[in-house]
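Here is a short briefing for a first look at this chain. Have the sequence and the model open side by side.

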Amino acid sequence: MDNMAAEAMPIPAAASASYEDARVYRVNKLTLPSTGEPLDIRILQWRAPLSCELRVYPYLTTQAVEVCAFAPKYQIEKNRWKLKEGSKVINENDIGEYAHGKYELYTRSDPDIKIRRRPIVKKERQSGIFGGTVRKKDGYRLDLTNKSDKIKKLKIIERIPTSTTEEIKVKLLEVKSESKVDYRIKNDGKIEMNVTLKPHEHRTIEIWFELSYDKDMKVNYCANSTNKCNF
């Protein structure tokens, strides 16, 4: 048998990439294969501490979601993420955004938290005309249930209507519950509440507000809609 000689093909050097500035990168020694497969190159990585909490926005959705926030070392240029917990992928297409001076990731929903939002049936005496001013009392009820065997701490972000004119006044009257609710009023009529639910606990929170305006005005608002409610 004739001797056969083989000549090894040179192996191309591995491509490398570096971060130069926001949306500016440098790629070295790039060789694109003819297979049509995408070539992924790691550019940079860093570690950052996460702070996570359960949040609910009942005026938008009754689903409780874990939100994790961190301070990015570099500018985040894309709001789509693949999240892993160790080697396990927990979200293939997560959404993130800058908020409150940090970057927030909405990681996963919590199926053990059940929330129902419904309007409160008002009595006629709760609204009326005083002089030439209409005072209309309105509100809604939140029913919260923790179906798990663990304590759940929730941050609930609710809202009441906001007025776009000085002729209409809106004020929060009461946040009512059997246990005291830790809450504060924020911009755009938003109410931020911190609630702790014991295992299998059911809790009801009522939110009351009042509108006042001239009796000759016609006022329409959406206190219980999933849309943003302005007059």
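**Overview**

The chain has zero helices and 15 strands. Both element types are DSSP runs, numbered from the N terminus: helices are H or I with at least four residues, strands are E with at least two. This is a predicted model, in which local features need pLDDT of at least 70, side-chain atom pairs count only at pLDDT 80 or more, and totals for chains, interfaces and linings use all residues. Residues are numbered from 1 along each chain as its sequence is written, and side-chain values use heavy atoms, with hydrogens and water left out.

**The chain as a whole**

- Of the 231 residues, 32% count as buried. Buried means under 20% relative accessible area, exposed means over 50%, and partly exposed lies in between (1.4 Å probe, protein chains only).
- The accessible surface comes to about 16,300 Å². Carbon and sulfur atoms hold 48% of that surface. Such areas come from the Shrake-Rupley method with a 1.4 Å probe; for residues, only the protein chains shown count as cover.
- Take the contacts between residues at least 6 apart in sequence: 64% of them join residues at least 24 apart. A contact means heavy atoms within 4.5 Å.

**The eight-stranded sheet**

- Eight strands form an open sheet with mixed pairing, in the order β5-β6-β7-β4-β3-β11-β14-β13. Two strands pair if DSSP finds at least two bridges between them.
- β5 (80–85) and β13 (182–185) stand at the edges. Each has a single partner strand, so one side of each is left without a neighbour in the sheet.
- Neighbouring strands of this sheet are turned by 35° against each other on average, direction ignored. The axes behind this angle are lines fitted to C-alpha atoms.
- Strands of a sheet pair through backbone hydrogen bonds, either parallel or antiparallel.
- β4 (residues 64–70) and β7 (residues 102–110) run antiparallel, joined by seven bridges. Phe 70 has Tyr 103 in β7 as its bridge partner.

**Salt bridges**

- The structure holds 16 salt bridges. Each is a side-chain nitrogen of Lys or Arg within 4 Å of a carboxyl oxygen of Asp or Glu.
- Glu 53 forms a salt bridge with Arg 55, with the closest N and O atoms 2.7 Å apart. Arg 55 is buried at 8% relative accessible area. Glu 53 is partly exposed at 27%.
- Glu 53 also forms a salt bridge with Lys 155, where the closest N and O atoms are 3.6 Å apart. This pair links distant parts of the chain: Glu 53 is in β3 (residues 51–56) and Lys 155 in β11 (residues 152–159), 102 residues apart. Lys 155 is buried, with a relative accessible area of 18%.
- Glu 210 and Arg 135 meet in another salt bridge, at 3.6 Å from N to O. Glu 210 lies in β15 (residues 202–214) and Arg 135 in β10 (residues 133–146), 75 residues apart. Glu 210 is buried at 15% relative accessible area, while Arg 135 is partly exposed at 33%.
- One network, built from salt bridges that share partners, joins Glu 53, Arg 55, Glu 104, Lys 155, Arg 184, Lys 186 and Glu 192.

**A nonpolar surface patch**

- Val 27, Leu 30, Leu 32 and Leu 39 form a nonpolar patch on the surface. Together they have about 380 Å² of accessible area. Patch residues have over 30% relative accessible area and no salt bridge; like charges are joined within 9 Å, nonpolar side chains (Val, Leu, Ile, Met, Phe, Trp, Tyr) within 5 Å.
- Leu 39 sits in the loop between β2 (24–28) and β3. Leu 39 is partly exposed, at 43% relative accessibility.

Conventions
Axes are lines fitted to C-alpha atoms, for helices over the stretch in contact, and angles run from 0 to 180 degrees between N-to-C directions.
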